[in-house]
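Biologist: Could we go through this structure together? I would like to start with one loop and then move on to the rest.

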Amino acid sequence: MDLLEHKGKSLFAGAGLKVLPARLAFSQAEAQAAAGELGLPVVVKAQVKTGGRGKAGGIRLCATEGEVAAATADILAMTIRGHGVSCVLVEQAIAIARELYLAISSSRAQRGPVLIFSAEGGVDIEEVARRNPAALVRTPVDPLLGLCDYQVRDVVAAAALDPELAGPDGTPAKQLLAGVVRALWRLYRDSDATLCEINPLVVTTSGEVVCLDSKVTIDDNALYRHADLKAEFDAGAEDREARARQAGLAFVALDGDIGVLGNGAGLVMSTIDQIAAAGGSAADFCDIGGGARAEAVAAALDVILSTGTVSALLVSIFGGITRCDEVARGLVQVLSQTCVDVPVVVRLEGNAAAGGRAVLADARLPGLTVAAGAAEAVRLAVAGAAAPAGPDTRREG
Amino acid sequence: MAILIDERSRVLVQGITGREGALHAARMRAAGTDLVAGVSPGKGGQAVEGAPVYDAVAPAVAATGADVAVLFVPARFARDAMLEAADAGIRLVVCVTEGIPVRDMAEVTAHLSRRGTILVGPNGPGLITPRRCSAGIMPADVFAPGAVGLVSRSGTLTYEVVHELTQAGIGQSTVVGMGGDPIHGVGFLECLELFEADDETEAVVLIGEIGGNDEERAAEFVREHVSKPVVAYIAGFGAPPGKRMGHAGAIVEGSSGTAAEKKTALEAAGIPVASAPADVVPLLQARLERRPSP
């Protein structure tokens with residue numbers, strides 16, 4: 001689960017990291033009121049779960065109330081990389097001396113966390129990695145030992161801060177930076193994050209070290225250990241994906257018009273690829289998992305067909321442990337009760353496949369075709385989707 | 001020889017008194033596995049499938065000489081169960097469980113590698129050496145003994161490809177499902193190294209999917225260290241960026257981890273990539289025929 005900037009910053013603040021005073025606003029009036037409380041100038045920032053909002057114009061420095069109102073109206077009307085903007089963060093502006101980059105991220109190759117630091121912050125870190133790999137410090141953190149002091153010292157040394165620079169209370173900026181690195185590690189570990197990124201981490205002209213942005217991803221599998229975040233997860237999910245998850249399905253909406261469902265993530269991905277290779281386009285990724293549960297099939301059909309833009313349905317099952325005849329009975333049960341008015345192509349292979357095909361044939365469901373193999377199933381589904389809508393086979397509208 | 005497991009493997013099932021544990025213990029036994037013990041805390045003294053049940057792994061190992069542990073344990077208890085197996089001296093831990101937190105897997109893999117314990121999974125079907133030993137949930141009927149090694153990131157897709165191989169008369173030495181999580185035990189590299197050294201394996205099939213760069217690293221490894229024919233299949237060309245496709249590890253992040261990138265890397269290393277699961281068969285046949293006879 002990706003957190004919005006303001007939510008990530010509230011975790012930062014709870015972990016002892018310094019963030020700027022800010023208010024969340026859902027309207028121009030709220031933004032103006034927030035600016036009044038915080039004092040001008042302020043920065044108005046789109047709250048979206050995607051990068052690139054700065055380049056898209058989603059971050060604006062405002063010196064007057066009029067500018068706050070105009071910026072808020074503009075930003076709330078934006079769509080950034082497909083994400084609508086429902087709220088903005090109004091944040092105090094500060095004088096920046098240095099911009100740094102600091103992140104801890106889960107690495108597959110290291111099989112654990114990696115701390116990434118760059119003295120060049122505020123820009124796309126992948127670009128820094130390409131242009132000047134030496135500017136990045138990448139330090140694997142042992143998951144059992146945790147972050148070591150020497151690793152923190154390495155980061156502080158790489159930052160090359162002015163040794164004379166100190167915060168308002170006289171604490172050297174170098175020491176403040178070390179504190180930030182340690183606090184971010186604790187937050188990463190204790191909140192089951194897979195990414196905690198601060199870009200930029202700024203050193204202000206008054207010697208403070210402040211998190212100007214936050215990008216936090218929490219491991220979905222660990223949400224049971226974080227009840228507060230779990231509630232956010234359930235509330236924030238897109239409607240169809242949330243419904244699918246509740247039914248125990250893995251579901252991702254795609255752009256095409258051929259509904260796809262199958263058992264196993266790899267099998268479904270493979271089916272989507274074969275549809276594309278045959279000139280068609282899948283409407284979704286839907287994995288019903290193992291077992292022949294009729295209710296999972298029913299939930300999957302409900303979610304897949306709910307947009308009304310699906311013009312054919314392809315069901316691909318490979319029976320390993322799962323018996324194809326039981327899946328077939330589940331399908332018949334669902335399809336005979338549900339009004340599915342697009343062509344349905346079913347492909348059964350593996351455990352009890354012959355029995356499963358017989359069950360489907362006996363049911364004589366209109367619009368249902370049993371394919372002889374994967375290739376034929378894909379061909380029939382693509383042809384079915386391309387066929388002109390007949391009165392009996394297509395949903396109206 | 002096969003790799004990782006064979007008829008000499010002595011298998012213990014953690015969580016054997018649960019529904020899944022009992023079901024798959026029976027299936028493993030029917031597939032030729034030497035099932036020697038089960039473990040379920042608080043259920044010691046019972047017997048499941050003729051195997052004595054113990055309260056903990058260490059006494060089970062002491063009494064039976066078990067060297068392989070297969071876990072059917074819920075996600076939130078899986079970390080502890082894997083650590084217990086490793087600390088009891090188990091050689092190979094097989095974890096089928098899906099949904100284990102990333103932090104738990106980072107800790108488990110770090111601990112197991114220090115112990116020298118091999119891990120297969122999690123979030124995968126385990127592994128099988130046909131007719132000799134099954135450690136996991138693979139449907140034994142689909143498999144046949146033979147000389148092709150297979151290692152895969154996906155369960156059902158593995159069965160699909162193996163089904164095609166078996167139908168075409170191509171048997172398998174050992175088939176390993178590494179699992180769909182981003183942090184997992186043995187992967188392409190470890191299995192390729194084992195298959196290369198295995199007398200019974202003549203060719204290797206890799207089944208990959210989007211996410212990470214395991215396939216790219218495998219391509220590099222094959223180029224440098226593998227003399228046996230290798231063919232591959234990759235799923236997920238149609239996956240949109242930023243979306244998890246079922247498996248926790250199946251995600252295109254930024255511009256990296258795409259299927260197209262993996263295909264290019266594999267082909268550049270001389271590994272043909274099948275366009276559909278069934279096409280693995282002719283690719284493999286062509287590569288095997290092209291080999292000079294000994």
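Biologist: Is Ser256(B) buried, exposed or partly exposed?

Modeller: Ser256(B) is partly exposed, because 14 other C-beta atoms lie within 10 Å, while a residue counts as buried at 20 or more and as exposed at 12 or fewer.

Biologist: And how far is Ser256(B) from Pro125(B)?

Modeller: Their C-alpha atoms are separated by 26 Å, and the two residues are 131 residues apart along the chain.

Biologist: Which domains does chain B have?

Modeller: The domain assignment gives domain 1 (10–120) and domain 2 (143–288) for chain B. Their C-alpha centres lie 27 Å apart.

Biologist: How many residues of domain 1 of chain B are in contact with domain 2?

Modeller: In chain B, 7 residues of domain 1 are in contact with 7 residues of domain 2. On the domain 1 side, helix 4 and strand 7 (118–120) of chain B each supply at least two residues. Helix 4 of chain B gives the most, with 4 residues. By class, that side of domain 1 has 6 nonpolar residues, 1 polar residue and no charged ones.

Biologist: Why does Asn123(B) count as buried?

Modeller: Asn123(B) counts as buried because it has 27 C-beta neighbours inside 10 Å.

Biologist: Let us turn to chain A. Where is there a cis peptide bond?

Modeller: The bond from Asn199(A) to Pro200(A) is cis, with omega near 5 degrees. Pro200(A) is placed in strand 11 (residues 193–204) of chain A.

Biologist: Which residue there has a positive phi although it is not a glycine?

Modeller: Asp192(A) has a positive phi of about 55 degrees. Asp192(A) sits in the loop between helix 6 (173–190) and strand 11 of chain A. Asp192(A) is buried, because 20 other C-beta atoms lie within 10 Å, and 20 or more is the condition for that class.

Biologist: What does chain A look like overall?

Modeller: Chain A has 13 helices and 19 strands. Its C-alpha trace spans about 85 × 50 × 40 Å along the principal axes. Of its 397 residues, 45% count as buried. Among contacts in chain A between residues at least 6 apart in sequence, 70% join residues at least 24 apart.

Biologist: And which domains does chain A have?

Modeller: The domain assignment gives domain 1 (1–19 + 95–236), domain 2 (21–93) and domain 3 (239–386) for chain A. The C-alpha centres of domain 2 and domain 3 of chain A are separated by 44 Å.

Biologist: Which residues of helix 2 and helix 3 of chain A meet?

Modeller: Gln28(A), Ala31(A), Gln32(A) and Ala35(A) of helix 2 meet Glu65(A), Val68(A), Ala69(A), Thr72(A) and Ala73(A) of helix 3. By class, this contact has 5 nonpolar, 3 polar and 1 charged residues. Helix 2 (residues 28–38) and helix 3 (residues 65–76) of chain A pack at an angle of about 140 degrees, with axes 9 Å apart. The crossing is right-handed.

Biologist: How many residues does each chain give to the contact between chain A and chain B?

Modeller: The contact takes 45 residues from chain B and 43 residues from chain A. On the chain B side, helix 4 of chain B has the largest share, 7 residues. By class, that side of chain B has 23 nonpolar, 15 polar and 7 charged residues.

Biologist: Finally, where does pLDDT stay under 50 in chain A?

Modeller: Residues 390–397 of chain A stay under 50. Where pLDDT is low, the predicted coordinates should not be read in detail. For chain A the mean pLDDT is 90, and 95% of its residues reach 70 or more.

Terms used
Residues are numbered from 1 along each chain as its sequence is written. Chains are lettered from A and ligands numbered from 1 in the order in which they are written. This is a predicted model: local features need pLDDT of at least 70, side-chain atom pairs count only at pLDDT 80 or more; totals for chains, interfaces and linings use all residues. Axes are lines fitted to C-alpha atoms, for helices over the stretch in contact, and angles run from 0 to 180 degrees between N-to-C directions. A crossing is left-handed if the near helix is turned anticlockwise from the far one by less than a right angle, and right-handed if clockwise. Two residues are in contact if their C-beta atoms, placed from the backbone, lie within 7 Å. Ala, Val, Leu, Ile, Met, Phe, Trp, Tyr, Cys and Pro count as nonpolar, Asp, Glu, Lys and Arg as charged, and the others, Gly among them, as polar. pLDDT is the predictor's confidence in each residue, from 0 to 100. Domain bounds come from an automatic or database domain assignment.
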